[in-house]
Amino acid sequence: MAPDPWFSTYDSTCQIAQEIAEKIQQQNQYERNGENTIRLTVTIRTLLQNLKEKIALLKDLLLNAVSTHQITQLEGDRRQNLLDELVTRERLLVASFKNEGAEPDLIRSSLMTGGAKRGVPNPWLFEEPEETRGLGFDEIRQQQQKIIQEQDAGLDALSSIISRQKQMGKEIGNELDEQNEIIDDLANLVENTDGKLRTETRRVNMVDRKSTSCVII
């Protein structure tokens with residue numbers, strides 16, 4: 001089975017985000033030690049631009065996968081959530097790099113330490129689902145593929161049920177058509193019988209009148 005291009009791009013994008021976090025932490029240490037950070041600054045800017053382009057690519061890949069029905073809508077929503085988390089991480093990394101917001105040093109430290117300091121949110125694990133917490137990229141991808149397979153199996157079962165119901169509907173329709181034909185035949189038979197009965201009734205009346213005339217003579 002060929003690797004999903006979306007997940008391979010997602011993995012590489014997460015790695016870039018991780019590298020940016022490490023560089024920002026390193027830059028922070030350099031600043032504290034009074035060391036030159038120009039080279040690190042250029043590197044971080046380049047990585048941030050790369051991260052932005054990767055996220056844009058992920059958006060395009062997801063839109064194409066959903067619009068061409070390569071994935072289910074539920075899987076599309078799940079990938080969108082992962083993408084939203086990446087966008088949030090990108091914003092936090094940019095804010096940390098530009099020293100924007102409250103306590104930027106703590107934000108940069110949190111990116112690397114996993115939120116070890118009490119009361120400091122960890123942007124890298126921002127709203128991470130419980131079922132994926134602590135898993136690596138490969139494990140998350142395998143979990144996603146398993147979920148997709150389970151969804152496909154469920155859709156196959158649903159499709160089979162719908163097909164059976166459709167066949168039952170056709171059979172019921174055919175049976176109704178046959179019953180309508182029988183009713184039409186019965187209606188024609190009754191109409192013909194009624195016509196014959198009227199004809200015979202007229203003949204009997206005519207015979208009665210003739211008989212009466214003969215008796216009078």
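## Basis

The model is predicted, so local features need pLDDT of at least 70 and side-chain atom pairs count only at pLDDT 80 or more, while totals for chains, interfaces and linings use all residues. Residues are numbered from 1 along each chain as its sequence is written, and side-chain values use heavy atoms, with hydrogens and water left out.

## Overall fold

The protein chain has 5 helices and 0 strands, in the order α-α-α-α-α along the sequence. Helices (H or I, at least four residues) and strands (E, at least two) are DSSP runs, numbered from the N terminus. Contacts are heavy atoms within 4.5 Å; among those between residues at least 6 apart in sequence, 69% join residues at least 24 apart.

Of the 217 residues in the protein chain, 26% are buried. Buried means under 20% relative accessible area, exposed over 50%, and partly exposed in between (1.4 Å probe, protein chains only). The accessible surface of the chain is about 15000 Å², and carbon and sulfur atoms account for 54% of it. These areas come from the Shrake-Rupley method with a 1.4 Å probe; for residues, only the protein chains shown count as cover.

## Nonpolar core

The largest nonpolar core holds 24 residues, and Trp6, Tyr10, Ile20, Leu51 and Leu93 touch the most other members. At least two core residues come from each of helix H1 (5–33), helix H2 (38–67) and helix H3 (73–97). H1 gives the most, with 9 residues. Such a core is a set of buried Ala, Val, Leu, Ile, Met, Phe, Trp, Tyr and Cys residues joined through side-chain atoms within 4.5 Å.

## Packing of H1 and H2

The axes of H1 and H2 lie 9 Å apart, at an angle of about 160°. Axes are lines fitted to C-alpha atoms, for helices over the stretch in contact, and angles run from 0 to 180 degrees between N-to-C directions. H1 and H2 are therefore roughly antiparallel, a term for angles over 145 degrees.

## Two residues

Arg79 is found in helix H3 and is buried, with a relative accessible area of 1%. Leaving aside residues up to four places away in sequence, Arg79 touches Asp4, Trp6, Phe7, Leu62, Ile71 and Ile148.

His69 is in the loop between H2 and H3 and counts as exposed, at 68% relative accessibility. His69 has a positive phi of about 60° although it is not a glycine. Most residues other than glycine have a negative phi.

Key: Angles under 35 degrees count as roughly parallel, over 145 as roughly antiparallel, 65 to 115 as roughly perpendicular and the rest as oblique.
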